[in-house]
Amino acid sequence: MTNTLPQIRQFLESTKLEFEVMNCDPKLAETNVFCREYGIDLEDSVNAIVVKTKTGELKYAACALLATTKLDINKTIRKKLAARKASFANIEETTKLTAMKIGGVTPLMLPSTLPLWVD
């Protein structure tokens, strides 16, 4: 596991966008709990979820979507992956692919080999 925070901070600083880095207790990282505990509106929160094919050639993608929406894995994602079946990547796969811990996966600074789809 690598510490991605320095690279993410460097990237954000290069954009000149306003941002805030928040320390988060990993036990509070689940989206609804995080938003409630830290006073963040769900409408202002994004989930980053890694998905994969369950049949055929193994393919992965990262998806970023507002916390107020659900990921349509059975239709949209399955079709976009061109697979008969798709599912969420497990914790180990997500960690290995992103070098980030579940609850702390961000769409920023993902490896170039992992497609990012934004809803």
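Visitor: Which helix does Thr95 lie in?
Guide: Thr95 belongs to helix α4. Please keep in mind that the model is a predicted one.

Visitor: Is Thr95 buried, partly exposed or exposed?
Guide: Thr95 counts as partly exposed, with a relative accessibility of 22%. The cut-off matters here, because a residue must be under 20% to count as buried.

Visitor: And how far are the C-alpha atoms of Thr95 and Glu57 from each other?
Guide: They are separated by 20 Å. Along the chain, Thr95 and Glu57 are 38 residues apart.

Visitor: Let us move on to Leu114. Where is Leu114 found?
Guide: Leu114 sits in the loop that joins α4 (91-98) to β4 (116-118).

Visitor: Is that residue buried or exposed?
Guide: Leu114 is buried, because its relative accessible area is 6%, and the limit for a buried residue is under 20%.

Visitor: What does Leu114 touch?
Guide: Setting aside residues up to four places away in sequence, Leu114 touches Val50, Tyr60, Ala61, Ala62 and Thr98. As for Thr98, its C-alpha atom is 8.2 Å from that of Leu114, and the two residues are 16 apart along the chain.

Visitor: What about Met109, then? Where is its place?
Guide: Met109 is also in the loop between α4 and β4. Its relative accessibility is 39%, so Met109 counts as partly exposed. Its phi is near 65 degrees, which is a positive value in a residue other than glycine.

Visitor: Now for α2 itself. Which of its residues are buried?
Guide: In helix α2 (residues 31-38), the buried residues are Thr31, Phe34 and Cys35.

Visitor: What do they pack against?
Guide: The buried residues of α2 pack against strand β1 (46-53).

Visitor: And what follows α2?
Guide: Gly39 follows α2, and its phi is positive, near 70 degrees. The loop between α2 and β1 also contains Ile40.

Visitor: Which residues is Ile40 in contact with?
Guide: If neighbours within four places in sequence are left aside, Ile40 is in contact with Met22, Phe34 and Cys35. Phe34 and Cys35 are among the buried residues of α2. Ile40 itself counts as partly exposed, at 26% relative accessibility.

Visitor: Let me step back to the whole chain. How many helices and strands are there?
Guide: The protein chain contains 4 helices and 4 strands. In sequence order, the pattern reads α-α-β-β-α-β-α-β.

Visitor: How does its radius of gyration fit a compact globule?
Guide: For 119 residues, a compact globule would have a radius of gyration near 14 Å, and the value of 15 Å for this chain agrees with that. The C-alpha atoms fill a box of roughly 40 × 25 × 25 Å along the principal axes.

Visitor: What share of the residues counts as buried?
Guide: Of the 119 residues, 31% count as buried. The accessible surface of the chain is about 8300 Å², and 52% of this belongs to carbon and sulfur atoms.

Visitor: Finally, how many charged side chains are positive and how many negative?
Guide: There are 16 positive and 14 negative side chains, and the centres of the two sets lie 12 Å apart.

Terms used:
Residues numbered from 1 in each chain as written. Predicted model: local features only at pLDDT ≥ 70, side-chain atom pairs only at ≥ 80, totals over all residues. Heavy atoms only, no water. Helix = DSSP H or I, 4+ residues; strand = E, 2+ residues; numbered from the N terminus. Rg over C-alpha atoms; globule rule 2.2 N^0.38 Å. Buried < 20%, exposed > 50% of the residue type's maximum accessible area, 1.4 Å probe, protein only. Areas by Shrake-Rupley, 256 points an atom, 1.4 Å probe, with all protein chains shown as cover. Lys, Arg positive; Asp, Glu negative; His and termini not counted. Charge placed at Lys NZ, Arg CZ, Asp CG, Glu CD. Contact = heavy atoms within 4.5 Å.
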